[in-house]
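Biologist: I have not looked at this one before. Can you take me through it?
Modeller: Here it is; ask as you go.

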Amino acid sequence: CPAGAPRARGCPQDSYMLQYFSALNQYLAVGVPTYFITTGGFNFSSASGTNAICSSAGCDADSLT
């Protein structure tokens, strides 16, 4: 599959990646990837730093995700 191509487009019909993309579509249909860029000095190893960017139970109410 060509790098940067939208998922299965451009993949040969016998590519092993087609099964991977099929599984992503079936089990992880959550939309496009989202990336956040933080400025230097952010401490990801501290509990307060992790809670500021997480998106599960126990995270800060105003966390990034």
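Biologist: How many disulfides does the count come to?
Modeller: The count comes to one disulfide. Keep in mind that this is a predicted model.

Biologist: Which residues form the disulfide, and how far apart are their sulfur atoms?
Modeller: Cys 54 and Cys 59 form it, with 1.7 Å between their sulfur atoms. A disulfide in general is a covalent bond that links the sulfur atoms of two cysteines.

Biologist: Is that disulfide left-handed or right-handed?
Modeller: The disulfide is left-handed, because the torsion about the S-S bond of Cys 54 and Cys 59 is about -140°.

Biologist: Is Cys 54 buried or exposed?
Modeller: Cys 54 counts as buried, because its relative accessibility is 15% and buried means under 20%. Cys 59 is buried too, with a relative accessible area of 18%.

Biologist: Where is Cys 59 found?
Modeller: Cys 59 is in the segment after α2. Leaving out residues up to four places away in sequence, Cys 59 touches Asn 51 and Cys 54. The C-alpha atoms of Cys 59 and Ser 48 are separated by 9.0 Å, and these residues are eleven apart along the chain.

Biologist: Changing topic: where is the place of Ser 63?
Modeller: Ser 63 is also in the segment after α2, the helix that spans 47-53.

Biologist: What does Ser 63 touch there?
Modeller: Not counting residues up to four places away in sequence, Ser 63 touches Asn 51, Ala 52, Ile 53 and Cys 54. With Cys 54 there is a polar pair: a polar atom of the Ser 63 side chain lies 2.7 Å from the backbone oxygen of Cys 54.

Biologist: Does Ser 63 count as buried or exposed?
Modeller: Ser 63 counts as buried, because its relative accessibility is 14%.

Biologist: And Asp 62, buried or exposed?
Modeller: Asp 62 counts as exposed, because its relative accessibility is 67% and exposed means over 50%. Asp 62 is in the segment after α2. From Asp 62 to Asn 51 the C-alpha distance is 9.3 Å, and the two are eleven residues apart in sequence.

Biologist: Now the whole chain. How many helices and strands are there?
Modeller: The protein chain has two helices and zero strands.

Biologist: What share of the residues count as buried?
Modeller: Of the 65 residues in the protein chain, 12% count as buried. The accessible surface comes to about 5400 Å², and carbon and sulfur atoms hold 57% of that surface.

Biologist: What part of the contacts is between residues 24 or more positions apart?
Modeller: Such residues account for 7% of the contacts in the protein chain with a separation of 6 or more.

Note on methods
Residues numbered from 1 in each chain as written. Predicted model: local features only at pLDDT ≥ 70, side-chain atom pairs only at ≥ 80, totals over all residues. Heavy atoms only, no water. Helix = DSSP H or I, 4+ residues; strand = E, 2+ residues; numbered from the N terminus. Buried < 20%, exposed > 50% of the residue type's maximum accessible area, 1.4 Å probe, protein only. Polar contact = N/O pair within 3.5 Å; in protein donor to acceptor, adjacent residues only side chain to side chain. Contact = heavy atoms within 4.5 Å. Areas by Shrake-Rupley, 256 points an atom, 1.4 Å probe, with all protein chains shown as cover. Disulfide = S-S within 2.5 Å.
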